[in-house]
Amino acid sequence: PRTKNEIMSILGVIFRTAYHWEIIDRNPMEGVGKMHVDPEESGVFTIEELQTMFAGDHPWWSDSIKMCWMLAAFAGMRRGEIMALRWDRVDENIITVDQAIVDVKTFEIGPPKWGRTRRVPIPAILVHELHQLERHGDLVVMNEEGRLTANWWKRSFAAGMAEMKISPHDRKLKPHSFR
């Protein structure tokens with residue numbers, strides 16, 4: 001249904017433009033509604049999987065990428081919030097979420113989703129890992145170039161799942177499953 005709705009949307013634009021340009025007498029897509037789409041629920045990681053993901057010999061490319069997924073799992077942070085998190089927003093056991101990447105292509109920073117600041121208490125394991133993470137600038141999570149890029153999110157997730165021999169498709173696991 002999602003694919004059909006996208007196709008119908010594209011056809012609607014084409015026919016609406018043709019009608020406005022007076023190429024056709026009427027828009028055949030007028031009055032055609034969208035198909036109902038049930039939202040797909042994300043799968044859930046097991047406790048054992050989470051323990052393996054964040055143990056000493058973790059499946060992630062780097063400790064910084066491991067931290068990214070720990071912030072998603074233990075603090076419930078979104079991708080843009082994680083990418084914009086600065087060290088000065090991390091207290092001993094609280095993270096203040098008041099910024100997010102609003103455009104991943106330009107790395108534009110703005111308010112988080114819903115436009116509200118929130119203070120997130122973090123568990124001891126996350127506090128410990130944050131203390132262990134080497135600081136290479138003002139961003140908490142970054143790559144060799146100094147910040148994470150738009151495509152690293154899905155690539156690092158897929159690589160981590162492959163390393164753990166988890167089939168995300170079979171269990172409907174997505175990056176959002178950490179939240």
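The secondary structure of this protein chain comes to seven helices and four strands, and the model that shows them is a predicted one.

**Overall dimensions**
- The radius of gyration of the protein chain is 21 Å, whereas a compact globule of 179 residues would have a value near 16 Å.
- Along its principal axes, the C-alpha trace of the protein chain spans about 70 × 35 × 30 Å.

**Contacts, burial and surface**
- Of the 179 residues in the protein chain, 38% are buried.
- The accessible surface comes to about 11500 Å², and carbon and sulfur atoms account for 52% of this surface.
- The protein chain carries 24 positive and 25 negative side chains, and the centres of these two sets lie 5 Å apart.

**A closer look at helix 5**
- Helix 5 covers residues 124-132, and L126, V127, E129 and L130 are buried in this helix.
- Seen down the axis of helix 5, these buried residues fall within an arc of 165°, so they line one face of the helix.
- As background, an α-helix has 3.6 residues a turn, so residues three or four places apart point the same way.
- A124, H131 and Q132 lie on the other side of helix 5, where they are exposed.
- The cover over the buried residues of helix 5 includes helix 3, which is formed by residues 63-75.

Methods. Residues are numbered from 1 along each chain as its sequence is written. This is a predicted model: local features need pLDDT of at least 70, side-chain atom pairs count only at pLDDT 80 or more; totals for chains, interfaces and linings use all residues. Side-chain values use heavy atoms; hydrogens and water are left out. Buried means under 20% relative accessible area, exposed over 50%, partly exposed in between (1.4 Å probe, protein chains only). Helices (H or I, at least four residues) and strands (E, at least two) are DSSP runs, numbered from the N terminus. The arc is that of the directions from the helix axis to the C-beta atoms. Contact means heavy atoms within 4.5 Å. The radius of gyration is taken over C-alpha atoms; the globule rule is 2.2 Å times the number of residues to the power 0.38. Accessible areas come from the Shrake-Rupley method with a 1.4 Å probe; for residues, only the protein chains shown count as cover. Lys and Arg count as positive and Asp and Glu as negative; His and the chain ends are not counted. The place of a charge is taken as NZ of Lys, CZ of Arg, CG of Asp or CD of Glu.
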